[in-house]
Amino acid sequence: MEPRPIRPGIWLALLLVALLAARLVFLAHAWSVRPEGVIAPDSWSYEDSARALLAHGRFAVSPERPEVPQLVRTPGYPLLIAGVYGVFGESRPALLAVQIVVSVLTVLLLYLLVRELAAPAVALAAAGILALDPMSFIYSQVMLTETLFTFLMVAAGWAGVRLLRGARGAAGWAAGLGLALALATHVRPLTYYLPLPVLVLVALAGWRSHWPARRVLLSVFMIALPVLVLVGGWQWRNGRVSGSPEFSQIKNVNLLLYRAAGVVALRDGISFEEAQRRLEAQAQRPGATEVETWRGYAQTALPILKAHPVLVVRTQISGMLRMLLGPGGNSLRQHLEGAGEGGPVVDLQRLSAGEYIRKWVLGRPMMLAISAWSALYLLLLYALIILGLIARRGRWRSVTSVHLLILCILLYLIVLSAGPEAYSRFRVPLVPFLGIYAAAGLMARWRPESLAPAGGG
């Protein structure tokens with residue numbers, strides 16, 4: 001009698017437990033070696049606003065300045081920090097442990113999403129691909145928004161897939177989609193405009209699938225409602241406390257100090273940092289309030305961007321390539337060792353064979369292995385995506401609208417994340433969606449029958 005095969009659910013459980021244990025062990029090691037590695041330059045502003053919430057019940061820039069409202073950061077990630085600190089005290093390891101749990105739940109959600117599209121083997125492959133992503137691994141252990149934002153984006157994708165696949169409780173799935181998008185926007189304002197194409201796509205998909213008009217209208221309404229309440233409500237709050245209804249002033253900061261600075265650096269042949277200094281000095285308005293200063297940022301940046309569309313495109317493409325193709329070795333080394341000159345890839349060009357062996361193979365074998373893992377992972381990811389796109393041809397025809405939703409989310413994140421500030425960290429929210437097609441490529445040659453939809457509309 002042949003042994004019964006292990007069910008996918010058991011393999012998934014083993015993967016999740018192993019991933020949780022590995023990330024917690026790595027966190028414990030990294031914290032013991034270099035606890036400051038969990039902090040990035042942006043971390044302080046999130047943590048200070050969380051501490052202000054706990055100390056004064058106000059979303060302010062810091063507990064020491066409770067009278068100054070926080071207008072650059074949105075409350076999504078600080079609320080998570082405040083919740084953990086409220087329970088465990090101001091413990092960064094506790095926060096990062098919770099963040100690791102969220103990252104593991106993201107893998108579970110991706111499995112559930114892909115299970116709607118294909119057989120369990122493909123869903124398990126997608127979960128495994130995400131679990132092995134070095135950037136997701138590292139940024140689950142850094143005080144930044146990537147992990148929570150990625151969880152919410154995958155949750156939005158899952159709810160959207162369930163809605164478009166005709167699952168029972170369409171209104172609930174539509175509300176879940178809208179809620180996930182609204183919460184994601186509160187974590188990173190990047191997705192402020194994403195509900196608009198999603199609403200259009202859902203309406204068109206419903207029309208093409210011959211949904212009753214009432215169902216189409218109800219779905220659109222239930223998606224829009226959480227966005228209007230949560231995002232619109234925050235804009236009302238900002239208008240009340242500052243006179244400006246901008247959802248977040250980070251938009252104006254990015255326009256000047258990154259997008260316009262990238263253009264000026266190319267135009268004038270100066271360093272990016274020098275361009276930032278010049279533009280910030282140019283945007284200053286003597287006696288201006290904080291909000292007026294940020295408006296001045298936009299007023300200074302927009303004419304530059306409009307006058308140099310070709311340079312804007314160049315900086316966008318350059319940022320997109322860094323984001324999609326940068327292995328992320330610097331991020332890995334920064335987390336474990338701090339800033340350092342060069343890396344294994346750079347040193348291949350500037351060190352002799354003997355020097356390279358002494359420095360990396362003998363002196364720092366762990367960092368060499370981690371950097372190699374990061375580069376190899378990226379190479380295999382895109383190779384599998386190409387295979388997946390080939391395998392996708394002629395298959396999954398009944399879920400075309402679902403793929404449009406996935407591609408809508410993916411392309412939106414790529415286009416709006418790209419810019420002079422983009423690098424491998426910005427790829428973290430993209431990997432789950434890229435992993436869907438990489439998993440299809442992985443399974444296409446091994447078990448091509450697993451690419452069939454899991455059933456339903």
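At what angle do the axes of helix α14 (residues 309-325) and α19 cross? In this predicted model, in which local features need pLDDT of at least 70, side-chain atom pairs count only at pLDDT 80 or more, and totals for chains, interfaces and linings use all residues, the two axes come within 8 Å and cross at roughly 120 degrees. That makes α14 oblique to α19, given that angles under 35 degrees count as roughly parallel, over 145 as roughly antiparallel, 65 to 115 as roughly perpendicular and the rest as oblique. Residues are numbered from 1 along each chain as its sequence is written, and side-chain values use heavy atoms, with hydrogens and water left out. Axes here are lines fitted to C-alpha atoms, for helices over the stretch in contact, with angles running from 0 to 180 degrees between N-to-C directions. Helices (H or I, at least four residues) and strands (E, at least two) are DSSP runs, numbered from the N terminus.

On the α14 side, Gln316, Met320, Met323 and Leu324 meet Ile414, Val415 and Ser417 of α19, where contact means heavy atoms within 4.5 Å. By class, this contact has five nonpolar, two polar and no charged residues; Ala, Val, Leu, Ile, Met, Phe, Trp, Tyr, Cys and Pro count as nonpolar, Asp, Glu, Lys and Arg as charged, and the others, Gly among them, as polar.

Helix α19 (residues 400-417) also meets helix α9 (residues 195-208), their axes coming within 10 Å and crossing at roughly 175 degrees. α9 is therefore roughly antiparallel to α19. Here Pro197, Val198, Leu201 and Ala205 of α9 are in contact with Ser401, Leu404, Leu405 and Cys408 of α19.

The 14 residues of α9 should span 20 Å at 1.5 Å a residue, and the end C-alpha atoms of α9 are 20 Å apart, which agrees; the expected span is 1.5 Å times one less than the number of residues. Within α9, Pro195, Val198, Leu199, Leu201, Val202, Ala205 and Gly206 are buried (buried means under 20% relative accessible area, exposed over 50%, partly exposed in between, with a 1.4 Å probe and protein chains only).

The loop between α9 and α10 holds His210. Phi of His210 is near 60 degrees, a positive value in a residue other than glycine. His210 counts as exposed because its relative accessibility is 70%.

Turning to α8, this helix includes Leu183, which counts as partly exposed at 34% relative accessibility. The C-alpha atoms of Leu183 and Phe149 are separated by 8.5 Å, although these residues are 34 residues apart along the chain. Apart from neighbours within four places in sequence, Leu183 is in contact with Leu152 and Leu230.

Finally, helix α5 (residues 120-131) reaches 16 Å from its first C-alpha to its last over twelve residues, close to the 16 Å expected at 1.5 Å a residue. α5 is mostly covered, with ten of its twelve residues buried. Among them are Ala121, Val122, Ala123, Gly128, Ile129 and Leu130.
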